[in-house]
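Have the viewer open and follow along.

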Amino acid sequence: GQARAAILAAPAVSVAERFAVQELQSFIEQISGARLPVCEPGQTPPSGEPAVWIVVGRSTAEARHADLRLAELGTEGFLIRSVGDELLIAGSETRGTLYGGYACVESLGCRWWSSDASTIPALRTVEVPATDRRELPKLVYREVLYQEQWGANLWGVRNRITNMVGGASEIPAEWGGSGPVFHSS
């Protein structure tokens, strides 16, 4: 129930990365009851130096660790890596970092079954073991023929489903935007 970590995000992160920060903060609070402070580089939380920094966003992570090779991850790939007293969650500025944040809280037991049914574990202490996870999806277009996903919604984003561009299924930029358009001839 007490925050021993803080989220670090540069002020210039993209709108989707800012949403990733909000989602990560919200789910950690739902899981543990602790609201993690969000700081910009150079800032220290009111409670003093945290035991762990959760570094979120491409530019924030690259400024601290130049050797991450994040460009190789494309639009949807992400990196979750522990480096000393930091946990890095980074990918592209559209969907990669956002998907990395969801993968991180999934590793803690979060699941989104439908728009009104989810599993959020209750943990007194949230522990993330040392990790070096680098994911690059094989498919950039993932859509399901499931009524829950007809039209853009947060359930689909949390489950990393990319709708086609256009119409009612357009995903807002804050949620990472829609996937590519495919045409058949």
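How do the residues of the lining of the largest cavity divide into nonpolar, polar and charged? They divide into six nonpolar, one polar and one charged. In this classification Ala, Val, Leu, Ile, Met, Phe, Trp, Tyr, Cys and Pro count as nonpolar, Asp, Glu, Lys and Arg as charged, and the others, Gly among them, as polar.

## Ground rules

This is a predicted model, where local features need pLDDT of at least 70 and side-chain atom pairs count only at pLDDT 80 or more, while totals for chains, interfaces and linings use all residues. Residues are numbered from 1 along each chain as its sequence is written, and side-chain values use heavy atoms, with hydrogens and water left out.

The structure holds one cavity of 30 Å³ or more, and about 40 Å³ of space lies in the largest cavity. A cavity here is a set of points, on a 1 Å grid over the protein atoms alone, where a 1.4 Å probe fits but cannot get out; lining residues have an atom within 4 Å of a point. Grid points are joined across faces, edges and corners, and the volume is the space filled by probe spheres set on the points.

The lining consists of Ala20, Glu23, Leu24, Phe27, Leu98, Gly101, Tyr102 and Val105. Helices (H or I, at least four residues) and strands (E, at least two) are DSSP runs, numbered from the N terminus.

Glu23 sits in helix α1 (residues 15-32) and is buried, with a relative accessible area of 9%. Buried means under 20% relative accessible area, exposed over 50%, and partly exposed in between (1.4 Å probe, protein chains only). Leaving aside residues up to four places away in sequence, Glu23 touches Tyr102, Leu154 and Arg158; contact means heavy atoms within 4.5 Å.

The largest nonpolar core has 33 residues, of which Ile7, Leu24, Ile54, Tyr102 and Trp112 touch the most other members. Such a core is a set of buried Ala, Val, Leu, Ile, Met, Phe, Trp, Tyr and Cys residues joined through side-chain atoms within 4.5 Å. Two or more residues come from each of β1 (5-8), α1, β3 (52-56), β4, β5 (86-91), α3 and α4, and α1 gives the most, with seven. Leu24 touches Ile7, Ile54, Val56, Ile89, Gly101 and Val105, not counting residues up to four places away in sequence. A second, separate core of twelve residues includes Leu8, Trp53, Leu73 and Leu79.

## Salt bridges

How many salt bridges does the structure hold? There are ten, each defined as a side-chain nitrogen of Lys or Arg within 4 Å of a carboxyl oxygen of Asp or Glu. In one of them, the side chains of Arg81 and Asp132 meet at 2.9 Å, N to O. This pair links distant parts of the chain, with Arg81 in strand β4 (residues 78-83) and Asp132 in strand β8 (residues 132-135), 51 residues apart.

Another salt bridge joins the side chains of Glu106 and Arg160 (2.8 Å, N to O). Glu106 lies in helix α3 (residues 96-106) and Arg160 in the segment after α4 (154-158), so the pair ties together parts that are 54 residues apart in sequence. Both Glu106 and Arg160 are buried. Glu135 pairs with Arg133, their closest N and O atoms being 2.5 Å apart; Glu135 is partly exposed at 29%, and Arg133 is partly exposed at 27%. Salt bridges that share partners also join Arg69, Glu72 and Arg134 into one network.

## The largest pocket

About 680 Å³ of space lies in the largest pocket, a pocket being an open set of grid points with protein on both sides within 12 Å along at least five of seven lines. Of its 28 lining residues, Arg4, Ala5, Val52, Val126 and Glu127 are the closest to the centre. The elements α1, β3 and β5 each give two or more residues to this lining. By class, the lining has 17 nonpolar, six polar and five charged residues.
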